[in-house]
Amino acid sequence: MASILPAGLRNGVKGLDANRYATKKTVAQGMLDIALLTSNASQLKYVLQVGPKHEFYTLLVVLISISIALQLLVGLLFVIIGGLDLNNHEDQPSALILNDVIVIFIFVISVINIVISAFGIEYSNSPLVLERLKFINNEYLKKGNSTGV
């Protein structure tokens, strides 16, 4: 009696293609890195717009800059590790070391971004919107006083 299972399953489970798995993992991590990089760039833009009026201006500029630099470094390491052939036994030790370094950098990036969130935009006593409203109000009052009202 002939089996209805595909040949790969009849003869045992086909082995995991390490290169394909690593490539998919690298692409997924890269997409998450791009999302975080975009978020950090937006946060940096906001903090720079507010300027030193922000309570934690220096801290946030430094932390966001470090986070962006580490993310760029991780992206470069992804490109390097993506070029390695995991089926080649000579590349495997390098791939393991690079993978461990990437994991450490991602952990550090995560901790930095937790701190950024803790001291972030929401907790500032003088966010940009309030500063603009104060400016508009002051300009309105100046015009009201100069027209002799």
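Which residues form a nonpolar patch on the surface?

1. The patch consists of Ile-104, Phe-107, Val-108 and Val-111, and together these residues have about 360 Å² of accessible area.

2. Val-111 counts as partly exposed because its relative accessibility is 37%, a value between the 20% and 50% cut-offs.

3. On confidence: the average pLDDT of the protein is 78, and 76% of the residues score at least 70. Residues 8-13 have a pLDDT below 50. This stretch has 4 contacts in the model beyond near neighbours in sequence. Where pLDDT is low, predicted coordinates should not be read in detail.

4. On aromatic rings: the structure holds 1 aromatic pair. Phe-56 and Phe-119 form this pair, with 4.9 Å centre to centre and 70 degrees between the planes. The geometry is edge-to-face, because the angle is over 60 degrees.

5. The pair links distant parts of the chain, its two residues being 63 residues apart. Phe-56 lies in the loop between α2 (18-50) and α3 (57-82), while Phe-119 lies in the loop between α4 and α5 (128-146).

Note on methods: Residues numbered from 1 in each chain as written. Predicted model: local features only at pLDDT ≥ 70, side-chain atom pairs only at ≥ 80, totals over all residues. Heavy atoms only, no water. pLDDT = per-residue confidence, 0-100. Contact = heavy atoms within 4.5 Å. Patch = residues over 30% accessible without salt bridge, like charges linked within 9 Å, V, L, I, M, F, W, Y side chains within 5 Å. Areas by Shrake-Rupley, 256 points an atom, 1.4 Å probe, with all protein chains shown as cover. Salt bridge = Lys/Arg side-chain N within 4 Å of Asp/Glu carboxyl O. Buried < 20%, exposed > 50% of the residue type's maximum accessible area, 1.4 Å probe, protein only. Phe/Tyr/Trp six-rings, centres within 6.5 Å; stacked < 30°, edge-to-face > 60°. Helix = DSSP H or I, 4+ residues; strand = E, 2+ residues; numbered from the N terminus.
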